[in-house]
Amino acid sequence: MMTLPPLEVLRPGSVAEAVEALRAHPGARVLAGGTDLVPNLKYGMYDTRHLVALRGLSKELRYVREEGGLRLGALCTIDQLAENDLLKARTPALAEACGQIAGPQLRRMGTLGGNLCLDTRCVYINQSYFWRSALGFCLKKDGTLCHVVAGGKRCVAAASNDTAPALLALDAGVRLVSPRGERVVPLREFYLPDGLHNTVLQPDELLVEVRIPPAAFGKKQAFMKLRTRAAIDFPALNLAVALETEGAVVKSISLAVGALAARPVLIKGIDDLVGRPADARFAEELGRRAQKQCRPLTNISVDPDWRRDLLPVLVRRLVLRALA
Amino acid sequence: MQLLHLFVNGEEHAVAAPGQRTLLEALRYDLMLTGSKQGCDKGDCGACTVLVRPRGDSGFRGEPILACITLAADAQDLEITTIEGLAGPLGLDPIQRAFADCGALQCGFCQPGMMLSARALLDKCDKPTLPQIQEALSGNLCRCTGYTKIYEAVEVAAGLRTPSSRAPVQSERAAASDSKAQTVTEIVP
């Protein structure tokens, strides 16, 4: 049995009130579906005494609109997106990613904004206070040592959100609101390589919307997730690809991989593959390139060597599925 | 502390609780409805599953959510069904009867959550396929049975087959609410 620390829950009725509450209570955490925040609070991962609950905003921020591209409210639930016909038709990679998150109950509770802002995960942090104290804690909370990378100075807890690689591959952006105004940040600039806080989100800023550009609609895309069980588990690897083809030739490539370190990565240095025939050899080559740029760590309790060996295989299958 | 109004199994309850009280704690320790189990207590195992629907909705009992990671205060605008509320005035729910007849339990800890997830499935889809059953129950962990008999029980409750055991446990006489589970003899592989 794990109890929550004493909490005062603030319940704003609008986005403006919500960001004002965040500003007025430094350190306050945002509560949407609670599927990530509540267990983490039970683990004693945050010192906050204030939550800003967004339940009152769910009418305002729970929409899927086609406006140029797609606009998705941050409080869309994961199962709502997994079942959404517009998403299935326009951005199947995102619909697939949503359909593979956790289990049915968690998908019903969890939100898109919450998944994008999911705290990083590591076998040394997602544990009870007692467990962590026995090990002298770690970099991410209460300690100074990293147990994953010897001598590591930067937290490498893994970005474990499934929507992030899918939306990265689709070149999506997020709209952030703070008391000072709002800004739209491309997702590829949203994540930071530091597991302590892996986004550019300011403490009083709220992610309110995801924007997918219309260019994503015509791309051949797919999402794939490696995990031990076919449900509930966080990813041991997750990948998404979006390809543009002209005839039988590759015109553009976007491949994102998650569950490695603090941020999901877009595979770079693959522009020379543009112009190649979109076939199995191309898929193999993309897999080899991706493997060179991805280093699975022991931050996830699935053998990193196996995950590394499997990566090119998964990329090949993913690309062939997208092209099929 | 604040006064919370929870609508559970058709009754309104007032509970005084601090802001961090989870729905599961309120159910188990304030309302003494200990049927919802406290397993992992962090949203993995599904033992705390309850059904919820917006207040005032009629018809089905709602969708399964996890009570251990829901704040009790956030459940005030919901109608909650726990395992204690699954049986109707006419007796056991067909799901409950089928679980007993199929021996779909061993230690029984996962069963309240399993049966509520199964109920939510059958409310939406009265003749589910095996993959649909597996998907609907994929958020509920059972460490004893290997799931085979649980899936079978859902099929029995849906009237798709009879229990496979040669000498099924004869539960109490069929009540009106579960005639479906008792009368169907056709076996669909």
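This is a predicted model: local features need pLDDT of at least 70, side-chain atom pairs count only at pLDDT 80 or more; totals for chains, interfaces and linings use all residues.
Chain B contains 6 helices and 5 strands, and its elements, read from the N terminus, follow the order β-β-α-β-β-β-α-α-α-α-α. Of its 189 residues, 56% count as buried. Among the contacts in chain B with a separation of 6 or more, 60% are made by residues 24 or more positions apart.

After α5(B) comes Gly159(B), for which the phi angle is positive, near 75°.

Chain B is divided into domain 1, covering residues 2-85, and domain 2, covering residues 94-183. The contact between these two domains takes 19 residues from domain 1 of chain B and 14 residues from domain 2 of chain B, and the area buried between them is about 1,300 Å², with 65% of it on carbon and sulfur atoms. Polar interactions across this interface comprise 3 residue pairs in polar contact, counted where both residues have pLDDT of 80 or more, and 1 salt bridge is found there. On the side of domain 1 of chain B that touches domain 2 of chain B, the elements giving two or more residues are β3 (49-54) and β4 (63-66) of chain B, and the largest share, 3 residues, is that of β3(B). By class, the residues on this side of domain 1 of chain B comprise 7 nonpolar, 8 polar and 4 charged. Within chain B, a salt bridge joins the side chains of Lys124(B) and Glu63(B), with an N to O distance of 3.6 Å.

The interface between the two chains involves 34 residues of chain B and 29 residues of chain A. About 2,300 Å² is buried between chain B and chain A, and carbon and sulfur atoms give 57% of this area. On the chain B side, the residues that lose the most area to chain A are Gln20(B), Ile69(B) and Asp74(B), which together account for 25% of what that side buries. There are 5 salt bridges across the interface of chain B and chain A, and 14 residue pairs are in polar contact between the two chains, again with both residues at pLDDT 80 or more. The elements that give two or more residues to the side of chain B touching chain A are α1 (23-30), β4, α3 (111-124) and α4 (130-136) of chain B, and β4(B) provides the largest share with 4 residues. This side of chain B divides into 12 nonpolar, 12 polar and 10 charged residues. Between the chains, the side chains of Glu135(B) and Arg107(A) form a salt bridge with an N to O distance of 2.5 Å.

Over all chains, the structure holds 39 salt bridges. In chain A, Lys140(A) forms one with Asp119(A), the closest N and O atoms lying 2.8 Å apart. Because Lys140(A) lies in the loop between α8 (129-134) and α9 (163-169) of chain A, and Asp119(A) in the loop between α7 (112-116) and α8 of chain A, this pair ties together parts that are 21 residues apart in sequence. Both Lys140(A) and Asp119(A) are buried.

Finally, Asp47(A), Arg132(A), Lys141(A) and Asp142(A) are linked in a network of salt bridges.

Note on methods
Residues are numbered from 1 along each chain as its sequence is written. Chains are lettered from A and ligands numbered from 1 in the order in which they are written. Side-chain values use heavy atoms; hydrogens and water are left out. Domain bounds come from an automatic or database domain assignment. Contact means heavy atoms within 4.5 Å. Buried area is the accessible area (1.4 Å probe) that two parts lose on being put together, summed over both. A salt bridge is a side-chain nitrogen of Lys or Arg within 4 Å of a carboxyl oxygen of Asp or Glu. A polar contact is a pair of N or O atoms within 3.5 Å; within protein, one must be able to donate a hydrogen and the other to accept it, and residues adjacent in sequence count only if both atoms are side-chain atoms. Ala, Val, Leu, Ile, Met, Phe, Trp, Tyr, Cys and Pro count as nonpolar, Asp, Glu, Lys and Arg as charged, and the others, Gly among them, as polar. Buried means under 20% relative accessible area, exposed over 50%, partly exposed in between (1.4 Å probe, protein chains only).
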